[in-house]
Amino acid sequence: VSADMSPGLQARVEEAFGCPVIQMYGMTETAGQIASNPLPPALRKPGSVGKVAGPEVCVMDRVGTPVAQGGEGEVCVRGPTVMAGYEGLEVPDAAFGDWLRTGDLGRFDGDGYLWLTGRLKEQINRGGEKVSPLEVERVALEVAGVTQACAYALPHATLGEQIGLSVAGEVQVEALKARLTARL
C-alpha cells in the first residue's frame, strides 16, 4: 500500500513466503482503499493496483476532462468516503469539482485494472516531454544485478531537465543502457 512494488519483487516475496501478495491503493483522504487486486483464484496483475474497490475513480487530463480508456492522466476520486476538502482552504486546489485530485498519474487497462505510472510533482520535464521517474526505475530494476534504482531530474542547459539514474547492485553498465534504450 505505501509504495510501489515491482512485479519482480512481488514474485520473489510470493515464492519466499508461499502466499499471494495483494497490491492495493488507498489514501487517508479516501478513508482507506481506492483499488485492490483480487485474491486468488481471480486474476491478479502484478504492477497494477487492481480494480476499483471503494470510491468512484476517474483518470483525467490536466483540466479535469476524463481521458479515454488506456490514456494516462491524473487519478481522481469521489464518493461518500472521500473528504470534502482540506481545513482552511475555501476553494480546494486539490479538486476538479467534486473529484479529489490524488496527484498520482495512472491509466486503466481494458480489464478495468488501474496502473499507477508516477506522481505529478515528480515528473521530469525534458524539453517539454514529461517523464515519470517510476517508469525509468521499473525498467532499470528488470536488469540482472540491479537491486535498487532511483531516477531524478538533473538540470540541462537547453532542455530544462534531463533524466538522472542511480542504481545499486552488481550491474553491467552496457546491459543497463541496452535495456533502457530498448524499453524507453
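1. F96 stands opposite W99 in β7. Strand β6 (residues 95-96) and β7 run antiparallel, joined by 2 bridges; two strands count as paired if DSSP finds at least two bridges between them. The hairpin of β6 and β7 has 2 residues between the strands, and G97 there takes a positive phi near 65 degrees.

2. This is a predicted model, in which local features need pLDDT of at least 70, side-chain atom pairs count only at pLDDT 80 or more, and totals for chains, interfaces and linings use all residues. Residues are numbered from 1 along each chain as its sequence is written, and side-chain values use heavy atoms, with hydrogens and water left out.

3. Strand β7 (residues 99-108) is mostly covered, with 8 of its 10 residues buried (under 20% relative accessible area, 1.4 Å probe, protein chains only). For the chain, 34% of the 184 residues count as buried.

4. β7 also pairs with strand β5 (residues 73-78), in the antiparallel sense over 4 bridges. C76 stands opposite R101 in this pairing.

5. Strand β8 (residues 113-119) is joined to β7 by 5 bridges, again antiparallel, and R107 stands opposite W115 in β8. The hairpin of β7 and β8 has 4 residues between the strands, and G112 in the turn has a positive phi of about 85 degrees.

6. The chain holds 3 helices and 12 strands, taken as DSSP runs (helices H or I, at least four residues; strands E, at least two) and numbered from the N terminus. Its C-alpha trace spans about 50 × 50 × 30 Å along the principal axes.

Methods. Buried means under 20% relative accessible area, exposed over 50%, partly exposed in between (1.4 Å probe, protein chains only).
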